[in-house]
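The sequence and the structure come first, and the notes follow.

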Amino acid sequence: MAADSVQKVLSEHEGVFIHPSSEEDAIELDLLVSGSLRIVDKDGDVSVEYRPVEEAVDPSNMLCAGKDSSSVMEWAQCSGERCHKQLETQQSYETEWDMVNAASFRKKPCANGEGSLNHINERSRGAFSFSVGDLSSITVKDEGWTFLIFKLKESSPPLPALHFHQGGSREFLDSLGRFTLLSVAPDDEACLLVSTTNKALSQSFENLLEDNNFGLVNKFRKDPYVTTLGGFSKVTNYIFDAFRGTEEQHQRPPEEVADLLGEVIPGLEINQQEEPGFEVITRIDLGSRPLVTRSEPMSVEDWTKHQDPEGRMIRIFHLKQVIFKGGLCHAVRKEAWKFLLGYFPWSSTQDERKALQRLKTDEYFRMKLQWKSVSEEQERRNSRLRDYRSLIEKDVNRTDRTNRFYEGIDNPGLVLLNDILMTYCMYDFDLGYVQGMSDLLSPILFVMENEVDAFWCFVSFMDQMHQNFEEQMQGMKTQLLQLSSLLRLLDLSFWNYLECQDSGYLYFCFRWLLIRFKRELSFQDVLRMWEVMWTGLPCQNFHLLVCCAILDSEKQKIMEEKYGFNEILKHINELSMKLDIEEILQKAEGISLQMRSCKDLPDSVRNILGFEASVSGSDPTSAAPPPAVSRAAPRQDACPPLHTHLRETSSHNSCKVAFIS
């Protein structure tokens with residue numbers, strides 16, 4: 001098996017030392033073990049390896065940084081103790097991290113011909129490796145040079161400290177930071193906590209399903225973004241290739257697959273009915289679901305009727321109702337989307353919007369100049385910018401290439417797509433670029449046909465979607481939990497069926513939520529879906545009710561055909577490009593009205609959908625729309641950011657709902 005594995009060295013650092021402990025190696029206190037520290041990728045699993053060289057090192061002629069990291073010292077033997085002799089002064093660029101780059105060593109002579117054997121034993125004792133996913137924390141200490149202490153999650157023998165006498169500790173941590181999230185511990189500034197729930201910048205879409213032995217599940221766990229957008233969308237029959245090993249007896253049971261996929265988002269436990277703090281509710285009768293109808297798209301004439309002589313938008317709530325019911329004709333989208341996304345304030349005049357555009361144009365090109373002016377030499381020293389550029393180039397060349405706006409070689413639309421995404425990296429340094437963001441930009445650029453307007457509309461859309469792409473995946477976790485609560489209330493028997501098939505995590509909805517159905521609908525239907533959702537009507541988190549509507553339409557087939565874990569995943573995947581958007585929107589709106597009219601609707605569900613708390617004796621059918629919908633501020637008209645709901649639900653336990661028959 002080892003011979004078949006593919007190993008790729010991602011980063012390598014020479015001249016890293018292990019200091020023998022006084023207890024274990026009391027006879028050899030003057031010896032240091034020198035080796036190389038590498039970050040490697042073995043079939044998608046990123047690991048850290050330390051490999052000693054075959055010669056031990058005598059520290060008597062070794063140069064290292066002084067205690068203040070601003071001078072170079074020599075270690076010499078003085079009556080069995082180490083004494084320091086200053087050689088020269090070397091200013092440090094950054095005293096916390098910078099180490100001297102040059103050092104000289106003298107090999108320890110081998111006595112009695114036993115040196116070679118000792119060196120082999122030393123190498124055997126010093127070599128170690130571990131998966132990045134098993135790493136819990138890294139302690140960074142300074143004793144004139146930097147040394148790192150690794151702590152693994154599972155109880156295991158402690159690893160030896162690694163001493164960077166020749167420098168390079170910062171470069172190593174920077175390299176490691178590409179594959180995991182390092183954050184300073186709140187109670188110890190010298191300790192870096194490691195989180196590996198998701199490596200946002202990772203390999204591209206290709207070769208996701210090459211390894212049969214559970215490759216898809218493992219990759220989904222390591223990188224749900226890439227796997228969701230790549231493997232799940234391209235491979236129709238992926239289940240039987242990815243979940244079946246080379247031999248039938250190696251096939252893992254569905255419940256084990258579900259456990260692995262459940263680890264994608266830590267803390268996501270759908271079936272938590274025995275936990276304290278749950279709001280236990282008997283089976284709720286939601287009543288009949290109202291029949292709703294859709295309307296024609298809003299025309300240019302209707303749009304202009306909602307403007308006053310100075311260009312201010314009037315009767316905004318009615319305007320949004322019309323857009324929600326029928327969408328927009330394409331001729332209106334270029335202007336209307338700027339309001340719906342919050343780029344233009346609803347109360348602004350025509351002259352104010354022109355002034356805003358001039359201001360935003362200057363701001364955009366200042367940011368664009370930042371990355372355009374980076375020389376090749378500078379970029380060679382900026383690994384993050386290189387990663388962003390490489391990832392964007394790969395994704396742009398794959399985004400909507402069958403669309404007329406992006407098809408062909410050297411298409412100017414692709415250049416604009418690339419430039420906007422690169423400029424967004426300058427706008428949001430912390431997030432940068434994550435796979436999937438090109439899917440969100442493409443329809444906006446298609447509608448705007450203008451680089452600057454598309455950028456600022458994209459910025460507004462990303463304000464809503466930001467948490468979907470963050471390292472901690474809090475937005476995805478929150479949405480999946482909320483969707484589970486809604487589905488349980490809507491159809492408890494169907495939810496129980498999914499739970500029995502180890503599908504209660506609803507991870508098959510991951511892609512729907514991540515990029516708002518971009519891969520599930522035709523391009524024109526995506527435009528319609530997004531503009532309807534951007535109205536903020538008829539409730540908060542309407543996209544979750546869209547998910548419920550799709551599942552409600554498919555539940556009969558899933559249950560009658562007795563689909564299991566594999567078949568459910570395969571069936572949901574094959575719905576792509578087969579969904580009727582008008583039927584889905586009708587059903588989702590009907591579900592919203594059905595839940596709003598329910599007198600016994602749990603408060604947790606009311607919070608998710610933004611319904612006002614029920615008042616005794618009031619008529620729920622006449623409930624007014626949520627206040628956020630009628631506000632004039634543009635950002636509040638759209639669905640509020642997901643972290644708003646997270647803060648609300650995390651302050652109490654009402655978001656946890658257990659349903660009993």
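Helices (H or I, at least four residues) and strands (E, at least two) are DSSP runs, numbered from the N terminus. H10 is followed by Gly342, whose phi is positive, near 95°. The model is a predicted one, in which local features need pLDDT of at least 70 and side-chain atom pairs count only at pLDDT 80 or more, while totals for chains, interfaces and linings use all residues. Residues are numbered from 1 along each chain as its sequence is written, and side-chain values use heavy atoms, with hydrogens and water left out.

**Overall composition**

- The chain holds 27 helices and 15 strands.
- Of the 661 residues in the chain, 52% are buried; buried means under 20% relative accessible area, exposed over 50%, and partly exposed in between (1.4 Å probe, protein chains only).
- Among contacts in the chain with a separation of 6 or more, 71% are between residues 24 or more positions apart; a contact means heavy atoms within 4.5 Å.

**Nonpolar cores**

- A nonpolar core is a set of buried Ala, Val, Leu, Ile, Met, Phe, Trp, Tyr and Cys residues joined through side-chain atoms within 4.5 Å.
- The largest nonpolar core has 122 residues, and Phe469, Phe542 and Met595 have the most contacts inside it.
- Another core, of 25 residues, lies apart from the largest one and includes Phe130, Leu135, Leu176 and Val194.
- Leaving out residues up to four places away in sequence, Met595 touches Leu486, Leu489, Leu490, Leu545, Leu601, Val605, Leu609 and Phe611.

- Two packed helices are described by the angle between their axes and the distance between the axes.
- Axes are lines fitted to C-alpha atoms, for helices over the stretch in contact, and angles run from 0 to 180 degrees between N-to-C directions.
- The axes of H14 (residues 412-427) and H15 (residues 437-448) come within 10 Å and cross at roughly 125°.
- H14 and H15 are therefore oblique to each other, because angles under 35 degrees count as roughly parallel, over 145 as roughly antiparallel, 65 to 115 as roughly perpendicular and the rest as oblique.
- The crossing of H14 and H15 is right-handed; a crossing is left-handed if the near helix is turned anticlockwise from the far one by less than a right angle, and right-handed if clockwise.
- On the H14 side the contact involves Gly413, Leu416, Leu417, Ile420, Leu421 and Tyr424, and on the H15 side Met437, Ser438, Leu441, Ser442 and Leu445.
- These residues of the contact of H14 with H15 comprise eight nonpolar, three polar and no charged, where Ala, Val, Leu, Ile, Met, Phe, Trp, Tyr, Cys and Pro count as nonpolar, Asp, Glu, Lys and Arg as charged, and the others, Gly among them, as polar.

**Packing of H10 and H20**

- H10 (residues 330-340) packs against H20 at an angle of about 40°, with the axes 11 Å apart.
- At that angle H10 and H20 are oblique to each other, and their crossing is left-handed.
- His330, Arg333, Trp337 and Leu340 in H10 meet Gln524, Leu527, Arg528, Glu531 and Trp534 in H20.
- The contact of H10 with H20 has four nonpolar, two polar and three charged residues.
- Buried residues in H10 are Val332, Arg333, Ala336, Trp337, Lys338, Phe339 and Leu340.

- Val526 is in H20 (residues 523-534) and is buried, with a relative accessible area of 2%.
- Not counting residues up to four places away in sequence, Val526 touches Pro443, Phe517, Lys518 and Leu521.
- Pro443 is 83 residues from Val526 along the chain, and their C-alpha atoms are separated by 7.9 Å.
- Phe517 lies in the loop between H19 (510-514) and H20; Phe517 has a positive phi of about 65° although it is not a glycine.
- Phe517 counts as buried, at 1% relative accessibility.
- Pro538 is in the loop between H20 and H21 (542-560), and the peptide bond from Leu537 to Pro538 is cis, with omega near -5°.

**Other buried sites**

- Met473, in the loop between H16 (451-465) and H17 (474-490), has a positive phi near 55° and is not a glycine.
- The relative accessibility of Met473 is 0%, so Met473 counts as buried.
- H22 (residues 565-573) is mostly covered, with seven of its nine residues buried: Phe565, Asn566, Ile568, Leu569, His571, Ile572 and Asn573.
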